[in-house]
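Hi,

Here is the structure I promised to pass on. Please open it first, then read my notes below.

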Amino acid sequence: MRTNWRQKIYHLVLWLVSIVFFLPVVWIITGAFKTKDDLLAIPPKIIFSPTLANFIDLFSRHDFFSSLRNSFLISACAVIVAIVVAFLAAYSFSRFKPRGTDFLMFVLLTVRMVPAAAVVVPIFLMYTAFGWKDDFWGVMLFYAMFSIPFSVWILKGFIDGVSPRFDETGIVNGGSRMHVLFRVILPQVRPGLIAAFIFNLIFVWNEFLFNFIIGGKKTTMIPVSLVTGSISQGGVDWTFVAALATVYLIPPFLAIYFFQKYLLVGMTFGTVRGEV
Amino acid sequence: MQNDPTSAQAGSGAPQVVGGRLRAWRMNWIDNSRYFPLMLLLPVLIFFLLWNIIPLLWMVGMSFYNYSLITGMPPRFIGLRNFFDLYDSYAVWGSLGKTFIFVFFAVGIETVLGMVLGILFWGSTNLPGRRLALTMLFSPMVLTPAATGTFFRLIYEPTFGIMNYLTTLVFGTKIDFLGDNFWAMPAVLLVDIWMWTPFMILITLAALGSVPRAELEAAEVDRLPWLKRFWYVVLPHAKFILMLGIVLRTIDAFKVMDLIYQLTRGGPGNATEVVGITLFRKAFEGFTMGWSSALAVITLLIAIAFTSIFLYILNLRRRGAQS
């Protein structure tokens with residue numbers, strides 16, 4: 001009886017910690033349903049009459065749907081391209097270990113570790129010179145490159161975990177190399193593919209700086225429109241920010257609810273495996 | 001009627017044979033190639049050439065030039081002068097110092113707090129609604145800083161912000177967190193800690209999960225004191241994952257840019273101007289491309305050093321696992 005009681009306290013504490021970390025997000029979401037006066041009221045209004053006016057205002061902005069579409073389209077296309085390319089490379093790295101594998105893996109990792117602000121300068125110069133700015137393909141392929149290092153690292157880890165015996169059996173039984181690649185190996189690394197897909201999607205979905213610099217009217221994604229569109233009449237339009245942020249936060253939130261077991265692998269380049 | 005299925009079969013059979021033949025021909029070509037590994041690598045190498053090698057060479061080349069987008073003058077070769085200029089620049093050393101302070105406090109506090117909370121969450125396997133609780137706990141790190149950073153500006157806002165409502169309740173004064181020279185850095189740090197402590201909790205949970213259950217049970221049987229149990233049983237297994245997590249977090253903290261850009265734009269003055277912000281400001285507000293490229297080269301070197309440390313720890317762990 002006493003242990004049961006203690007366990008209840010323990011669970012209560014855990015829930016409280018979780019809620020404390022979630023509070024700022026709650027503040028954003030409730031803010032989206034408040035009127036401007038309610039949102040800026042001091043003392044803060046805990047109880048308020050919810051309104052949908054902010055969302056109606058948001059949906060009536062002509063650039064909202066275009067940037068939402070851009071966000072979906074660019075991140076999905078970029079991640080799919082990246083994963084296909086990364087899967088082939090990871091297989092090659094894992095099975096054939098061509099000369100320079102270690103070096104290439106190192107370089108790939110470095111690409112991800114360089115501050116974005118350092119990379120953005122040469123990318124900006126290159127895109128201006130080639131005229132790729134504000135071009136769907138230019139932006140999408142940049143994000144594909146942005147996702148490749150992470151995908152290669154994750155997928156190589158998973159393919160390393162599949163015994164080469166499978167390849168040998170496949171070849172001996174008359175399967176072609178492509179058959180081995182896509183019918184034997186691919187199904188076995190499905191968790192890696194899912195983790196790479198979900199987390200690259202989140203990273204591209206959240207990316208701001210590059211879209212700000214090399215994007216334009218035709219390729220604006222939501223973080224940029226959030227930052228540039230938040231200013232109206234000299235002040236910040238907070239209800240707009242809250243409504244747009246709320247819409248925007250839903251996919252990552254759902255992603256880590258449904259794919260929670262991939263969170264660890266996803267946040268550590270596939271170097272730490274396991275569940276939490 | 002009787003004819004139909006057979007003709008359908010024949011109809012569907014014929015293309016299959018052709019398709020099979022076609023496929024066999026294609027596969028032979030691939031299967032017999034000595035360059036199969038290279039063929040698999042080719043797409044990545046092309047991506048690499050276009051989006052990494054070319055910009056890299058561009059950046060290194062540009063760092064030897066005086067190139068400003070404002071004057072409209074063609075780039076002028078000045079050798080290493082940009083780098084000497086960086087070395088003499090008060091702003092660069094200042095922002096490196098700010099970055100160091102930021103990284104040190106952010107990673108330090110996140111590690112300690114994350115480990116404490118991670119240990120707290122260790123026994124949470126039968127927590128009711130665990131999935132939702134963990135989703136809430138881990139959500140700060142997957143939400144875009146463009147949104148959360150912007151919104152934290154409202155939270156810190158001196159007249160309407162909830163933070164100042166709390167400070168007036170507790171201390172009786174208002175603090176302009178993001179506009180004050182002293183408070184700007186702690187305020188930014190607090191947001192970073194909110195965002196990334198969950199990551200260290202996650203890492204701690206993984207590290208604790210890597211401790212073999214048998215050894216924990218042995219320690220339980222031996223009635224080892226709590227601290228000794230942690231030091232001799234848990235830590236030897238957990239330390240690799242913890243170190244990996246800390247290095248990853250250090251690299252990410254070093255990269256910080258859009259969060260601070262959203263919160264303070266590096267201000268007030270340059271109180272929160274970390275390297276990323278300096279780079280961005282010089283390149284896209286000052287338009288001095290040569291100078292920024294030189295600074296970018298320096299940050300690239302720092303990043304290479306960090307990556308080497310990360311890989312070193314990773315290899316250490318592999319070797320440990322093999323022996």
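The contact between the chains comes first: 74 residues of chain A touch 81 residues of chain B. Keep in mind that this is a predicted model. On the chain A side, helix α1 (residues 2–32) gives the largest share, twelve residues. That side of chain A is made up of 62 nonpolar residues, eleven polar and one charged.

Now chain B. Its domain assignment gives domain 1 (3–77) and domain 2 (82–322). The centres of these two domains of chain B, taken over C-alpha atoms, are 37 Å apart. Twelve residues from domain 1 of chain B and nine residues from domain 2 of chain B form their contact. On the domain 1 side, α2 (36–62) and β1 (65–66) of chain B are the elements that give two or more residues.

The largest nonpolar core holds 182 residues. Which residues have the most contacts inside it? They are A:Ala86, A:Ala89, A:Val120, A:Val121, A:Leu155, A:Ala245 and B:Leu202. Domain 1 (3–77) and domain 2 (82–322) of chain B both give residues to this core, so the core lies between them.

Best wishes

Note on methods: Residues numbered from 1 in each chain as written. Chains lettered and ligands numbered in written order. Predicted model: local features only at pLDDT ≥ 70, side-chain atom pairs only at ≥ 80, totals over all residues. Contact = placed C-beta atoms within 7 Å. Helix = DSSP H or I, 4+ residues; strand = E, 2+ residues; numbered from the N terminus. Nonpolar A, V, L, I, M, F, W, Y, C, P; charged D, E, K, R; others polar. Domains from an automatic or database assignment. Core = buried A, V, L, I, M, F, W, Y, C linked by C-beta atoms within 7 Å. Buried ≥ 20, exposed ≤ 12 C-beta atoms within 10 Å, placed from the backbone.
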